[in-house]
Amino acid sequence: MKIVILLLSLLSPFITIPPQAETVPAASSATVQPPVMLAFEHSVNTVPYISSFESLAGVTLYMPEEALLQTKGIPPEITPDPWGDCLEYQYADVSAGVCGGIVLYVHASPSQAEQFGLNLNGQELNPVTASLQETLGAPDFEAEDGDVYIRGSAALKVYRNMNTGEWEGIDLFDGNSF
């Protein structure tokens, strides 16, 4: 008996009772419907939250070297990366660290950002303004030299001068590679 009650209680959402016969009064032709009002809230200053880090200044993290060269062209300068066995492709607007044929980090300085603009995943980013917290949220780590934001295996670090608080650079990198 308990099993039958259990089965009925599980199946009760699927059992429908036929509706009772209802009489709906006929609508009079003189009835006027109220006008439809649509309300939209739109703000041009709304900055969407960035929930993933794919690219900085048009350079995609994990981009193959060939794709980097197709996207940005041949860099004016290629230097050895002082921190690893990588090469740093230095463009006018950004530098990209290429390790094993793949972009593992992207760096932009304040002068590059001032001259060419700075965008993260195609969205304009301004590390000087307070809207950075609206765009990126609270930092996951606060280091002496800047704030670190993590999305999956990608990380973004906004370097700040310890004395003045002004930003000194921004890096997008593979958080697992360093």
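Reader: Among contacts between residues at least 6 apart in sequence, what share joins residues at least 24 apart?

Author: In this predicted model, 43% of the contacts between residues at least 6 apart join residues at least 24 apart in sequence.

Reader: Which residues does Asn119 contact, leaving aside its neighbours within four places in sequence?

Author: Asn119 is in contact with Ser55, Leu56, Ala57, Gly58, Glu124 and Leu125, once those neighbours are set aside. Asn119 belongs to strand S7, which covers residues 119-120.

Reader: Is Asn119 buried, partly exposed or exposed?

Author: The category follows from the relative accessible area, where buried means under 20% and exposed means over 50%. Asn119 has a relative accessibility of 21%, and therefore counts as partly exposed. For the protein of 178 residues, buried residues make up 33%.

Reader: How many helices and strands does the secondary structure comprise?

Author: The protein has four helices and twelve strands. Eight strands form an open sheet with antiparallel pairing, in the order S3-S4-S5-S6-S12-S11-S10-S9. Strand S3 (77-80) and strand S9 (141-143) stand at the edges; each has a single partner strand, so one side of each lacks a neighbour in the sheet. From one strand to the next, the twist averages 20°.

Reader: How do strands S4 and S5 pair?

Author: Strand S4 (residues 87-90) and strand S5 (residues 95-99) are antiparallel partners over four bridges. A hairpin of four residues joins S4 to S5. Within this pairing, Gln90 has Ser95 of S5 as its bridge partner, and Tyr89 stands opposite Ala96 in S5.

Reader: What lies between S5 and S6?

Author: S5 and S6 form a hairpin with two residues between them, and Gly100 in the turn has a positive phi of about 60°. The two strands pair in the antiparallel sense over five bridges.

Reader: Which way do the residues of S5 point?

Author: In a regular strand the side chains alternate between the two faces of the sheet. In S5, Ser95, Gly97 and Cys99 point one way, whereas Ala96 and Val98 point the other way. Five of the five residues of S5 are buried, and the strand is mostly covered.

Reader: Which residues have the most contacts inside the largest nonpolar core?

Author: In soluble globular proteins, nonpolar side chains tend to be buried together. Here the largest nonpolar core has 29 residues, and Phe53, Leu68 and Ile170 have the most contacts inside it. Elements giving two or more residues to this core are S5, strand S6 (102-108), helix H4 (132-136), strand S11 (154-160) and strand S12 (167-174). Leaving aside neighbours within four places in sequence, Phe53 is in contact with residues including Leu120, Leu136, Tyr149, Ile150, Leu156 and Leu172.

How values were computed:
Residues are numbered from 1 along each chain as its sequence is written. This is a predicted model: local features need pLDDT of at least 70, side-chain atom pairs count only at pLDDT 80 or more; totals for chains, interfaces and linings use all residues. Side-chain values use heavy atoms; hydrogens and water are left out. Buried means under 20% relative accessible area, exposed over 50%, partly exposed in between (1.4 Å probe, protein chains only). Contact means heavy atoms within 4.5 Å. Two strands pair if DSSP finds at least two bridges between them. Axes are lines fitted to C-alpha atoms, for helices over the stretch in contact, and angles run from 0 to 180 degrees between N-to-C directions. A nonpolar core is a set of buried Ala, Val, Leu, Ile, Met, Phe, Trp, Tyr and Cys residues joined through side-chain atoms within 4.5 Å.
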